[in-house]
Amino acid sequence: MKLEAHGWALELLPALGGAIGALRHDGRDVLRPTPAGARDVLETGCFPLVPYANRIAYGRFGFAGQSHQLPLNFGDHPHSLHGLGWRAEWAVMKTGQDHAMLVHAHDGRAGWPWAYRAEQRVVLAPGNVRVELSLTNLANAPMPAGLGLHPYFPCDAQTRLRFEAEGVWLADATMLPTEVAVAAHFGDWAAGAVVAGETLIDNAYEGWHGAARIGQAWGGFTMRGEGAGVLHLFRPSGTDFFCAEPASHLPDAINRDGMDALAPGESRTLAMTLNV
């Protein structure tokens, strides 16, 4: 499915985790383009994280006096990752030249015993694209709830990143948070720093101020987050992409008293706007 308006060209992949396959402005890649024939959502340009973001340690958590075990959904990784939506097919509910809405409905099985409805809305406008993700609890009891978006941005030797946050969580070998360090631990992002590097960054920045400037050779753009107090930075070594992921909570927050709960019928929303 393709949307084209206001100089934007966007491809949606509803059957592949509700992902964005490509996003270009005036012919320039704003998100990493998905390879032709891709079958893995991890090859796409951006995908939704719902009903939680990042990791839940060993897939185990307790809530309202009950213990739960989620499937381990990322190969031999020891933790459950990124929720259920990224492994699901999304239904197309509304579409137009400059907008679309995708829906993912969960029936309360697959280890997450609460029914919910997730909606992802994409709108193209002059100078910006907005991606909004919402989650509604359809169960008859409170449900833990988290949201995030996982955009992949092109990265070369000239790509720079600037944002402000209160601190960054260091992590153990399995990428679970261990302790807080100063936000400049991996780079002086507040001043703007080159993204490319030789070491892995896969860490959550708490107290994110809600904006990040991504400088590219052609100029770049600003990403703004709503409902997202965390920015998770993923920078592998030696790749042509990096991820700056707006999220509502830290990794493994459900086991650390840091995740919201939704009452029956209640909703939560997170949004990302890219401004060129």
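**The cavities and their surroundings**

Modeller: The largest cavity has a volume of about 40 Å³. A cavity is a set of points, on a 1 Å grid over the protein atoms alone, where a 1.4 Å probe fits but cannot get out. Grid points are joined across faces, edges and corners, and a volume is the space filled by probe spheres set on the points. This is a predicted model: local features need pLDDT of at least 70, side-chain atom pairs count only at pLDDT 80 or more, and totals for chains, interfaces and linings use all residues. Residues are numbered from 1 along each chain as its sequence is written, and side-chain values use heavy atoms, with hydrogens and water left out.

Two cavities of 30 Å³ or more are present. Start with the largest. Its lining includes Leu49, Ala53, Ala204, His232, Glu245 and Pro251. Lining residues have an atom within 4 Å of a point. Strands E23 (230-235) and E24 (241-247) each give at least two residues to this lining. Strands (E, at least two residues) are DSSP runs, numbered from the N terminus. Sorted by class, the lining has seven nonpolar, three polar and one charged residues. Here Ala, Val, Leu, Ile, Met, Phe, Trp, Tyr, Cys and Pro count as nonpolar, Asp, Glu, Lys and Arg as charged, and the others, Gly among them, as polar.

Now the second largest cavity. Its volume is about 30 Å³. Trp169, Ala171, Met175, Pro177, Asp202, Asn203, Ala204, His232 and Pro251 line it. Strands E17 (167-171) and E20 (201-206) each supply at least two residues. E20 gives the largest share, three residues. The classes are six nonpolar, two polar and one charged.

Next comes an open space. The largest pocket holds about 240 Å³. Of its 14 lining residues, Arg55, Phe74, Leu81, Asp202 and Phe234 are the closest to its centre. Strand E15 (148-154) and E23 are the elements that give two or more residues to this lining. A pocket is an open set with protein on both sides within 12 Å along at least five of seven lines. The pocket lining has seven nonpolar, four polar and three charged residues.

Definitions and conventions:
Helix = DSSP H or I, 4+ residues; strand = E, 2+ residues; numbered from the N terminus.
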